[in-house]
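Trainee: I'm new to this one. Can you show me how to read its strands and helices?

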Amino acid sequence: MQIHEPTVNDAHLGRQLTALTVGMDHLERRLSRGHGVLDSEGLVPIYLGDDLVPPLNLDDWDAVHSELDDLERQTARYPAGVRRTFLQDMLRSLRTATRLFEGEELSFREKLEGLVGVPAQPVSADALHDMHAQLAVLLERAGLRHGPLADQVVRWEQERALDAGQLEPTFLALMTEAQRRTDARIYPTGDYTMRLNALRGVPFTARCNFTAGQMDLNIDLNFTRAALKHLVCHEVFPGHSTQLLYTRDKAASGECSADVLLCTTNAVTGCVQEGIGDQGVDLLDWTEDEDDAVHVLLRRIRSASATSAAWYQMGEGWSEDRVHTYLERTSFGQKPWIEGRIRFASYSFRGPFIASYWFGNEAVREVRERVTAEQWPEFISFLYGQMHSPRSIGQFGS
């Protein structure tokens, strides 16, 4: 007589995974009191599901390992495919996070591969060289034809920089159009909007402060309209805020497994979250002119450079001065941005996630570029309505 393995209740597993992950967040916050490897951010920075899936009450990290063991046994019974791939990667990521929260010292390589779910390596010099060559062509089309490429980028950004008084009205106009396009192409976002919150002295360029209803913006940097458009798309529509609205609604209605509520988790899900944000302009089909095209490529170059620099800094032990010089030469970034990347990479837990921008953008881009018009609704449901790792997102359509 043939014996069949019992099937897995995926809805139950999704709730269990969600309760455990948020429970880990609460345990880490309680034990560290804001002084652990995550400081005050927590494992799940924004969680909108307290009334849907409350956190699991955990006494210690041994209890977490026991829960992870159980989830791994259940995952092993899934057939090969997208869901199994994601669950394997997510559980490996949570296991790695648990080891860090317990005080174990892990190498930068272990954090990249285990926690973030990406290769522990720099972006190849050849890939950066090719992108630089493409950028030179785009800048020439935009009217910049003389001098080193780095000088051309500086001139392009300076000539198109928004004055301080232009930031808020430009932000509002861009957000209005981004929301219109998001409602039509991605998901109806209702009456949700954000206001602009200007900050100085922070290590990030911009941040989605969803619960406060504001996009934090580092005004130590200068912004072109194309750069501000990218940030609106990344942080608000169709990026982080939209993903939060979508996953909250779909989890509440039961249309999606409860683990979609984990979209902001500092785990393998972070890669695809950042990939959705960085692909925002393209997801909205909103490249208007050559400046937009320049900025899209410049973003890829800077993500690649920052990923490589973080590896050289934390994986190979380069000095900060050497890393600074490398970023100046390869990213053409403004000084506050370069300094922010170096600070970011040095953070014990969050540092490896600097690589999530490059690998997340590439993972989402590669799938988006092969999606047909007929597949678009299915792709959006796949992208926003399921949690993914960089590996599982690439299995769309398989």
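**Reading the sheet and a helix pair**

Mentor: Let's start with strand E3: Gln214, Asp216 and Asn218 point one way from E3, Met215 and Leu217 point the other way, and all are buried. Buried means under 20% relative accessible area, with exposed over 50% and partly exposed in between, using a 1.4 Å probe and protein chains only. Keep in mind that this is a predicted model, where local features need pLDDT of at least 70, side-chain atom pairs count only at pLDDT 80 or more, and totals for chains, interfaces and linings use all residues. Residues are numbered from 1 along each chain as its sequence is written, and side-chain values use heavy atoms, leaving out hydrogens and water.

Trainee: Why is E3 largely enclosed by the rest of the structure?

Mentor: Because 5 of the 5 residues of E3 are buried.

Trainee: What order do the strands of the open sheet have?

Mentor: First the general idea: strands (E, at least two residues) and helices (H or I, at least four) are DSSP runs, numbered from the N terminus. Two strands pair if DSSP finds at least two bridges between them. Here, the open sheet of 3 strands runs E1-E3-E2, with mixed pairing. The edge strands, each pairing on one side only, are E1 (195-199) and E2 (206-209).

Trainee: In which sense does each pair run?

Mentor: E1 and E3 (residues 214-218) are parallel over 5 bridges, while E2 and E3 are antiparallel over 4 bridges.

Trainee: How do the axes of H1 and H2 cross?

Mentor: Axes are lines fitted to C-alpha atoms, for helices over the stretch in contact, and angles run from 0 to 180 degrees between N-to-C directions. The axes of H1 (residues 10-32) and H2 (residues 61-75) come within 11 Å and cross at roughly 160°. H1 and H2 are therefore roughly antiparallel; angles over 145 degrees count that way, under 35 as roughly parallel, 65 to 115 as roughly perpendicular and the rest as oblique.

Trainee: Which residues make the contact?

Mentor: Contact means heavy atoms within 4.5 Å. Among them are Leu13, Leu17 and Leu20 of H1 and Trp61, Val64 and Leu68 of H2. The residues of this H1 and H2 contact divide into 10 nonpolar, 3 polar and 3 charged. Nonpolar covers Ala, Val, Leu, Ile, Met, Phe, Trp, Tyr, Cys and Pro, charged covers Asp, Glu, Lys and Arg, and the others, Gly among them, count as polar.
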